[in-house]
Amino acid sequence: MQIYLLDIGGERPVFYSEEPEPSAADVAATAARGGVRGWLERRYRSLQTAVHDSEEGVGARVRRTWQWLQRRTAADEALLRRLRVARRIKLYYPASMPAQDAREAWSDYLARRRRRHAFWLALNLLIAPVTLVLAPIPGPNLIGYWFAYRAVCHALAVFGVRRAQADEVKFSLYPSDELDDAVAASRDEQVARLTASLKLAGLEAFVKRVAAERGDAPHAPVTVR
């Protein structure tokens with residue numbers, strides 16, 4: 001799993017990773033996994049499939065609403081969930097940054113995200129049983145499914161972070177000259193450079209989501225370091 005340390009303004013850097021399509025081996029491993037984690041992963045996939053397969057009528061409106069809600073989740077959440085199945089983490093950081101600073105930034109990031117997702121997991125677990133009483137009703141059942149789905153997502157993120165913090169995944173640091181090169185330009189120019197040099201197709205959408213979360217101006221200058 002390749003992760004990139006980016007400074008797009010703000011007090012702390014952010015971490016970005018492209019999301020690959022799950023392989024047949026990964027799908028099979030999820031299906032065979034037991035325990036709470038296995039149940040959560042299967043529930044996560046079944047809820048996604050149920051909504052994505054709705055193509056017309058009420059189902060289509062539910063799917064559009066679901067996708068709208070998804071776009072309002074944290075931009076880096078998918079990265080954290082994928083940590084639970086990562087075999088190796090390669091963290092790329094700007095070559096001008098000391099390796100120890102990059103490692104400390106990663107450790108601090110994991111600790112903060114673990115606290116955040118643990119809090120929201122507890123909150124969604126409290127709300128989900130109440131809203132699930134609406135499940136038999138056509139249309140409003142999205143409310144119950146959403147809180148149950150979010151509880152599963154937060155649980156998987158917590159599992160992923162715990163696994164990375166416990167050193168269950170091989171971790172390596174790699175200095176990157178490309179990250180140093182995208183400096184002293186507008187945000188759009190920097191994203192374009194990194195997209196081209198590192199072939200990060202989803203970077204532009206990610207940066208826009210992070211900027212929206214922070215309330216940044218859309219064309220504010222930013223340093224990647």
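## Close-up views of a predicted model

**Figure 1. Helix H9 and its buried face.** The buried residues of H9 are Leu203, Phe206, Val207, Val210 and Ala211; buried means under 20% relative accessible area, exposed means over 50%, and partly exposed lies in between (1.4 Å probe, protein chains only). Seen down the axis of H9, these residues fall within an arc of 130°, so they line one face of the helix. The arc is that of the directions from the helix axis to the C-beta atoms. An α-helix has 3.6 residues a turn, so residues three or four places apart point the same way. On the other side of H9, Lys208 and Ala212 are exposed. H9 has 12 residues and reaches 16 Å from its first C-alpha to its last, close to the 16 Å expected at 1.5 Å a residue; the expected span is 1.5 Å times one less than the number of residues. Helices (H or I, at least four residues) and strands (E, at least two) are DSSP runs, numbered from the N terminus.

The model is predicted, and local features need pLDDT of at least 70, side-chain atom pairs count only at pLDDT 80 or more, and totals for chains, interfaces and linings use all residues. Residues are numbered from 1 along each chain as its sequence is written, and side-chain values use heavy atoms, with hydrogens and water left out.

**Figure 2. The end of H9 and the residues around Arg214.** Arg214 belongs to helix H9 and, at 33% relative accessibility, counts as partly exposed. Not counting residues up to four places away in sequence, Arg214 touches Ile8, Gly9, Gly10, Arg12 and Val14; contact means heavy atoms within 4.5 Å. Arg214 and Gly10 are 204 residues apart along the chain, yet their C-alpha atoms are separated by 8.0 Å. H9 is followed by Gly215, whose phi is positive, near 75°.

**Figure 3. Salt bridges of Glu77.** A salt bridge is a side-chain nitrogen of Lys or Arg within 4 Å of a carboxyl oxygen of Asp or Glu. Side chains of opposite charge can pair when their charged atoms come close. The side chain of Glu77 meets that of Arg81 in a salt bridge of 2.6 Å, N to O. Arg81 and Glu77 are 4 residues apart in helix H4 (residues 77–82), and are therefore separated by about one helical turn. Glu77 also forms a salt bridge with Arg150, the closest N and O atoms being 2.6 Å apart. Arg150 lies in helix H6 (residues 141–165) and Glu77 in helix H4, so this pair ties together parts that are 73 residues apart in sequence. Arg81 and Glu77 are buried, and Arg150 is buried as well.

**Figure 4. Further charged residues.** A search of the whole structure finds 7 salt bridges. One of these pairs is Arg163 with Glu168, at 3.8 Å from N to O. Arg163 is buried, with a relative accessible area of 16%, whereas Glu168 is exposed, with 55%. Arg12, Asp108 and Arg112 are linked in a network of salt bridges. Arg113, in helix H5 (residues 99–131), is buried at a relative accessible area of 15%. Leaving out residues up to four places away in sequence, Arg113 touches Ala74, Asp76 and Leu80.

**Figure 5. Two nonpolar cores.** A nonpolar core is a set of buried Ala, Val, Leu, Ile, Met, Phe, Trp, Tyr and Cys residues joined through side-chain atoms within 4.5 Å. In soluble globular proteins, nonpolar side chains tend to be buried together. The largest nonpolar core has 20 residues, and those with the most contacts inside it are Ile3, Leu5, Phe15, Leu79, Leu83 and Trp106. Strand E1 (2–6), H4, strand E3 (88–94), H5 and H6 each supply at least two residues of this core. H5 gives the most, with 5 residues. Apart from this core lies another, of 16 residues, among them Leu6, Ile8, Tyr92 and Val191.

**Figure 6. Two loop residues with positive phi.** Most residues other than glycine have a negative phi. Asp167, in the loop between H6 and strand E4 (170–176), has a positive phi of about 60° although it is not a glycine. Asp167 counts as exposed, at 64% relative accessibility. Lys199, in the loop between helix H8 (187–198) and helix H9 (203–214), has a positive phi near 55°. Lys199 is exposed, with a relative accessible area of 69%.
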